Amino acid sequence: MVLLVGLAAGLIGIGGGYILWGWPPNWYAARDVFRLPATPENQLIQYGWQLVTETPRLIGKSASDPALRYAGNDLACTQCHLKAGGKPFAAPFISTFASFPMMANDEVLTLTERINGCMTRSMNGQPLPESGREMDALIAYMRFIGKDSPEGVRIAGMGLLPLAPPQQKPDRERGEKIFSGSCASCHGTNGQGQRRLPPEVGFSVPPLWGADSFNSEAGMSHMETAAGFIRANMPYLTTDYRNPSLSEQEAWDVAAYITSQPRPSKPSEQPH
């Protein structure tokens, strides 16, 4: 039950693209980047996939190359953008490349700016160089995973599963009980997650709060975002949007509990 970092984190999946649901092609079909022919462009796509799935090793705070330690934690992009950005209603990347640039708060937002928003909030780190190989690779992967998707249309399943307003005010105490029964076996009683065994770095299950988690500006730190993600995707092994494990009210309650927990402050509030 994690985080919402990420690119489509706050973009709830509603829109004209939904009329395309179920029509060919299957936008969410698995794409094996390592079956692509060996070309420089395809190598960049493959590196982008690795950045999404192996974030801690490559650009996390424990990255093997100190010059590439852009993230301030050891989370992986795929822990919010599930299946490397390929799962419906789990902040997928399918329409991402075709949706940018977009208007946000009466300003034009570019894809590089959106990615770096994730880097500074969900990854609690610093921006990637806009002309660097890592940024180029992430954009190449997003272009690849959304190949031929309609420009300016958000394919059905983008963003998060829309939820009705809660029938009762979200309650942290009820949420704590749900967390203990449904989430703590993976995420830990204190939301600390599960670290990978050395020499691997990062988390097999991400922390939901505390010093190693996303910061207070991340999309997942907002109750509405967390509730939508939880409802469609958690518990991870038994849930998807067609078969939710928790009721909508339970998703609201556990989101209220998780988002009330301590986490790093937003970047402008962190000591220098």
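## Helix crossing and aromatic pairs in a predicted model

Modeller: The protein chain has ten helices and four strands, taken as DSSP runs numbered from the N terminus (helices H or I, at least four residues; strands E, at least two). This is a predicted model, where local features need pLDDT of at least 70 and side-chain atom pairs count only at pLDDT 80 or more, while totals for chains, interfaces and linings use all residues. Residues are numbered from 1 along each chain as its sequence is written, and side-chain values use heavy atoms, with hydrogens and water left out.

Colleague: Thanks! How are the axes of α7 and α10 oriented: roughly parallel, roughly antiparallel, oblique or roughly perpendicular?

Modeller: Axes here are lines fitted to C-alpha atoms, for helices over the stretch in contact, with angles from 0 to 180 degrees between N-to-C directions. Those of α7 (residues 172-182) and α10 (residues 248-259) come within 7 Å and cross at roughly 100°. Angles under 35 degrees count as roughly parallel, over 145 as roughly antiparallel, 65 to 115 as roughly perpendicular and the rest as oblique. The two helices are therefore roughly perpendicular.

Colleague: Which class does the ring pair F179 and Y257 fall into: stacked, edge-to-face or tilted?

Modeller: Rings of Phe, Tyr and Trp (its six-membered ring) pair if their centres lie within 6.5 Å; planes under 30 degrees apart count as stacked, over 60 as edge-to-face and the rest as tilted. F179 sits in helix α7 and Y257 in helix α10, 78 residues apart. Their ring centres are 5.6 Å apart and the planes lie at 55°, so the pair is tilted.

Colleague: Is Y257 buried, partly exposed or exposed?

Modeller: Buried means under 20% relative accessible area, exposed over 50%, and partly exposed in between (1.4 Å probe, protein chains only). F179 has a relative accessible area of 2% and is buried. Y257 has 9% relative accessibility, so Y257 counts as buried.

Colleague: And what class is the pair of F34 and W49?

Modeller: F34 lies in the segment before α1 (40-53) and W49 in helix α1, 15 residues apart. F34 is partly exposed at 44% relative accessible area, and W49 is partly exposed at 26%. With ring centres 5.4 Å apart and planes at 90°, the pair is edge-to-face.

Colleague: Which residue lies over the face of Y47?

Modeller: A charge sits over a ring if NZ of Lys or CZ of Arg is within 6 Å of the ring centre and within 35 degrees of the ring normal. For Y47, the distance from the ring centre is 4.1 Å, and the residue is R133.
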